[in-house]
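Please consult the sequence and the structure shown here alongside the text.

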Amino acid sequence: MESKLIEKKLKNLKADTMAQFGIMTPQHMVEHLTITVKIAYNRINIPEFEPSEKQKFQKRALLDSDMDFPRGVVAPGMNAGDLMPLRSANLDEAKQQLIDSITAYNAFFESDTKATTVHPRFGMLTYAEWERFHPKHFAHHFKQFGIW
């Protein structure tokens, strides 16, 4: 994952940037992306599971096409209208944690290019699949705040 481009885009995100859709604040969005990256390199471990047929269809539809990440999708484990508690002291700290997580993600997959890790909705993903997922996910949330 290209951390320099993400860093450049994040410079345009301020604590008072208004969302164009959704309920997240800028810091919630950055922390949400950090969690997703950490899941991808097993820093946050998700139990392995067999995705349903619907989940398999959604995975193929998103990862094997030019389809944009859909709006209104609720993160696995969350209820519509809920926000996770903030973990960082401020947005700048959250941004740095995201960049650090991307660095760790890249190192993880450089050390084991055949590794697969669990996505909370799609089940096991390869590095190539994560590399298709993350750009769509990041673009979706960066569009949410007008920085894409």
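Leaving aside neighbours within four places in sequence, which residues is T34 in contact with?

## Basis of the description

The model is predicted: local features require pLDDT of at least 70, side-chain atom pairs count only at pLDDT 80 or more, and totals for chains, interfaces and linings use all residues. Residues are numbered from 1 along each chain as its sequence is written, and side-chain values use heavy atoms, with hydrogens and water left out.

## T34 in helix α2

Beyond its neighbours within four places in sequence, T34 is in contact with A94, Q97, L98 and S101; contact means heavy atoms within 4.5 Å. T34 is found in helix α2, which spans residues 26-40. Helices (H or I, at least four residues) and strands (E, at least two) are DSSP runs, numbered from the N terminus.

T34 counts as buried because its relative accessibility is 6%. Buried means under 20% relative accessible area, exposed over 50%, and partly exposed in between (1.4 Å probe, protein chains only).

Two packed helices are described by the angle between their axes and the distance between the axes. Here, α2 and α5 pack at an angle of about 175 degrees, with their axes 11 Å apart. This makes α2 roughly antiparallel to α5. Axes are lines fitted to C-alpha atoms, for helices over the stretch in contact, and angles run from 0 to 180 degrees between N-to-C directions. Angles under 35 degrees count as roughly parallel, over 145 as roughly antiparallel, 65 to 115 as roughly perpendicular and the rest as oblique. On the α2 side, M29, H32, L33, T36, V37, I39 and A40 take part; they meet W130, F133, H134, H137, F138, H141, F142 and Q144 of α5. By class, this contact has nine nonpolar, six polar and no charged residues. Ala, Val, Leu, Ile, Met, Phe, Trp, Tyr, Cys and Pro count as nonpolar, Asp, Glu, Lys and Arg as charged, and the others, Gly among them, as polar.

Helix α3 (residues 53-63) packs with helix α5 (residues 127-144) at an angle of about 75 degrees, and their axes are 10 Å apart. The two helices are therefore roughly perpendicular to each other. K59, R60, L62 and L63 in α3 meet E129, R132, F133 and K136 in α5. The contact of α3 with α5 has three nonpolar, no polar and five charged residues.

## The two sides of α1

In helix α1 (residues 3-10), S3, I6 and L10 are buried. These residues cover an arc of only 60 degrees around the axis, which puts them on the same side of α1; the arc is that of the directions from the helix axis to the C-beta atoms. K4 and K8 are exposed on the other side of α1. The cover over the buried residues of α1 includes α2, α4 (91-111) and α5.

The N-terminal end of α1 is capped by E2, with a side-chain oxygen 3.1 Å from the backbone nitrogen of K4.

E131 lies in helix α5 and counts as partly exposed, at 24% relative accessibility. Not counting residues up to four places away in sequence, E131 touches M1 and Y105. The side chain of E131 reaches the backbone nitrogen of M1 at 3.4 Å.

D112 is placed in the loop between α4 and β1 (116-119). With 36% relative accessibility, D112 counts as partly exposed.

Terms used:
A polar contact is a pair of N or O atoms within 3.5 Å; within protein, one must be able to donate a hydrogen and the other to accept it, and residues adjacent in sequence count only if both atoms are side-chain atoms.
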